[in-house]
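Open the model in your viewer and keep the sequence panel beside it. The tour below goes from one selection to the next and says what is there.

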Amino acid sequence: MFFLFRSLLHILKNQHRMNLVQEEGSYFIMKSCEKLIAPESDYFIYVPSLTARETFFYPLYTGHFFYEKGYSLHRDSYDSFLVLYIQKGQMSVTLSSETFSADAGTFLLLDCYNPHSYSALTDCEVYWCHFDGPLATKWFQLITSQSGNVITLTDIQPAFSRLLALYRCFAENMPPKEPLFSKYLTDILSSFLLYAPSAVRTPESGSSMEETIAYINEHFSEKLSVETLSGRAALSPYHFIRTFQKETGFTPHEYLLNIRINTAKYLLKNSSASVKYICFHTGFASESVFCSAFKKRTGMTPSEYRLS
């Protein structure tokens, strides 16, 4: 966003040579030195772990800025995607020689790998996050093909609350939790699809299914049966399985197992918890069931995966 910011990015990208950043999963609070950014603005630089870079959506920078009228920025490339929410004011965005205006209450979603510019037409207050992930490009293409880069939602709260929660994780000095960061970013991007004015909802793709998926994401460590989940969605078990697979591409069992295995993989690589603890913490009924399912998905036992 400015010379110091770009220099820090260069430092972070070359940490293995310069030995300035010693630990993945660490973050730093920064103050902007740019003109026309008010001094009460702040942002955080985050260094994601290798597991996060290979598996999750992950934040790289997140901040709360107060732009003064006349602020502008142009980049030819900045290796990340940007989601920005305009709390107050009006901004202008230029992409591929096209210029768009964006008012308070709207989001910007930019592919910063390509040339982009934005400026403050009035005094502005914004929350923002540069992020990336293995599937970030596909999500970006899907969302912008439907809503463009300036996104107006019928309900801003689901997306904004997650963006604010992500910023507060750093602002309030909470311990980094990369699966949680990924969930927040996924929720934001999902909201861009679910709450766009053009989104058409049918009984099969309505809020009951969305809420059930969110419920699974939050309660995957508990015992979850098809009967319980179909009851929450107000559908018969047969109809629920068909609808769920249509919405996600997985059966409920496959979806739940994927969450449990991916969480177990993260814990094996990033904690000293025992295999037994991880087994029950991720919702498996026994160590034998856990080890069998894990080896079937990864080709390794949990212990072998931890040492790999």
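This is a predicted model: local features need pLDDT of at least 70, side-chain atom pairs count only at pLDDT 80 or more; totals for chains, interfaces and linings use all residues.

Start with Lys-35, which counts as exposed at 75% relative accessibility; buried means under 20% relative accessible area, exposed over 50%, and partly exposed in between, with a 1.4 Å probe and protein chains only. Lys-35 is in the loop between β1 and β2. Helices (H or I, at least four residues) and strands (E, at least two) are DSSP runs numbered from the N terminus.

Residues are numbered from 1 along each chain as its sequence is written, and side-chain values use heavy atoms, with hydrogens and water left out.

**Two positive phi values**

Select Leu-36, in the loop between β1 (27-30) and β2 (42-46). Its phi is near 70 degrees, a positive value in a residue other than glycine. Most residues other than glycine have a negative phi. Leu-36 is partly exposed, with a relative accessible area of 35%.

Then select Ser-96, in the loop between β6 (90-95) and β7 (98-103). Ser-96 also has a positive phi, of about 50 degrees, although it is not a glycine. With a relative accessible area of 70%, Ser-96 is exposed.

**A buried arginine**

Go to strand β4 (residues 72-75) and pick Arg-75. Is Arg-75 buried or exposed? At 1% relative accessibility, Arg-75 counts as buried. Now show Pro-115 as well: it is 40 residues from Arg-75 along the chain, and the C-alpha atoms of the two are separated by 5.7 Å.

Select Glu-178, which is found in helix α6. Glu-178 counts as buried, at 3% relative accessibility. Which residues is Glu-178 in contact with, leaving aside its neighbours within four places in sequence? They are Tyr-46, Pro-48, Ser-49, Ala-52, Phe-56 and Tyr-266, where contact means heavy atoms within 4.5 Å. Tyr-58 is 120 residues from Glu-178 along the chain, with 7.0 Å between their C-alpha atoms.

Next, display helix α5 (residues 157-171) together with helix α6 (residues 178-194); their axes come within 8 Å and cross at roughly 155 degrees. Axes are lines fitted to C-alpha atoms, for helices over the stretch in contact, and angles run from 0 to 180 degrees between N-to-C directions. The angle makes α5 roughly antiparallel to α6; angles under 35 degrees count as roughly parallel, over 145 as roughly antiparallel, 65 to 115 as roughly perpendicular and the rest as oblique. The crossing of α5 and α6 is left-handed, that is, the near helix is turned anticlockwise from the far one by less than a right angle (clockwise would be right-handed).

Show side chains at this contact. On the α5 side they include Leu-163, Leu-166 and Phe-170, and on the α6 side Phe-181, Tyr-184 and Ile-188 are among them. By class, the contact of α5 with α6 has 13 nonpolar, one polar and three charged residues. Here Ala, Val, Leu, Ile, Met, Phe, Trp, Tyr, Cys and Pro count as nonpolar, Asp, Glu, Lys and Arg as charged, and the others, Gly among them, as polar.

At what angle do α4 and α6 pack? The angle is about 30 degrees, with the axes 9 Å apart. That makes α4 roughly parallel to α6. The crossing of α4 and α6 is left-handed. Trp-139, Leu-142, Ile-143, Gln-146 and Ser-147 in α4 meet Thr-186, Leu-189, Ser-190, Phe-192 and Leu-193 in α6. These residues divide into six nonpolar, four polar and no charged.

**Helix α11**

Select Tyr-277 in helix α11 (residues 275-281). Tyr-277 is partly exposed, at 46% relative accessibility. Glu-287 is 10 residues from Tyr-277 along the chain, and 9.3 Å separates their C-alpha atoms.

**The whole chain**

Finally, zoom out. The protein has 13 helices and 11 strands, and 48% of its 308 residues are buried. Of the contacts between residues at least 6 apart in sequence, 70% join residues at least 24 apart.
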